[in-house]
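Here are my notes for a colleague opening this entry for the first time. Please read them with the structure in view.

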Amino acid sequence: MSIVVRYAPVPSTTTEQYDEVARRLEESGEMPADGFDYHVAFHSEGQLRVIEIWDSQEQFEAFGQRVMPLLADVALEQAGEPEILEVHNIIKR
């Protein structure tokens, strides 16, 4: 079952930190990861937010184990645990 994952990085997270993580993930070949479908980063009320769609929670968790050291290296911290929601429906163009 597909899931939506919503992240809220700490308020001090910069666009430069986010861009560095994205660059490293692409260069390392980690992205796109198995089970990864979609990623959207945006600002809401002046803070960075991220939403992803994954094929399963297991695939998301496996990726998380590999990416956590990279996030720590760039000092990109989350404001709590990501919110994980089951997908009811996906419509693509």
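1. Confidence. The model is predicted, and the protein chain has an average pLDDT of 91. A score of at least 70 is reached by 100% of the residues. Among the elements, the highest mean pLDDT, 97, belongs to strand β4 (residues 83–86), while helix α2 (residues 57–74) has the lowest, 89.

2. Surface patch. Tyr38, Val40 and Phe42 make up a nonpolar patch on the surface. Together they have about 260 Å² of accessible area. Phe42 lies in strand β2 (residues 36–44). Its relative accessibility is 30%, so Phe42 counts as partly exposed, the class between under 20% for buried and over 50% for exposed.

3. Aromatic rings. Four aromatic pairs turn up in a search of the whole structure. One of them joins Trp54 and Phe63, with ring centres 5.3 Å apart and planes at 35°; this pair is tilted. Both Trp54 and Phe63 are buried. Through ring pairs, Tyr7, Phe36, Trp54, Phe60 and Phe63 are linked into a cluster.

4. Ile53. This residue belongs to strand β3 (residues 47–54). Ile53 counts as buried because its relative accessible area is 16%, and the cut-off is under 20%. Which residues does Ile53 touch, not counting those up to four places away in sequence? They are Ile3, Val4, Gly35, Phe36, Asp37, Tyr38 and Ile90. For Phe36, 17 residues from Ile53 along the chain, the C-alpha atoms of the two are separated by 6.6 Å.

Conventions. Residues numbered from 1 in each chain as written. Predicted model: local features only at pLDDT ≥ 70, side-chain atom pairs only at ≥ 80, totals over all residues. Heavy atoms only, no water. pLDDT = per-residue confidence, 0-100. Helix = DSSP H or I, 4+ residues; strand = E, 2+ residues; numbered from the N terminus. Patch = residues over 30% accessible without salt bridge, like charges linked within 9 Å, V, L, I, M, F, W, Y side chains within 5 Å. Areas by Shrake-Rupley, 256 points an atom, 1.4 Å probe, with all protein chains shown as cover. Salt bridge = Lys/Arg side-chain N within 4 Å of Asp/Glu carboxyl O. Buried < 20%, exposed > 50% of the residue type's maximum accessible area, 1.4 Å probe, protein only. Phe/Tyr/Trp six-rings, centres within 6.5 Å; stacked < 30°, edge-to-face > 60°. Contact = heavy atoms within 4.5 Å.
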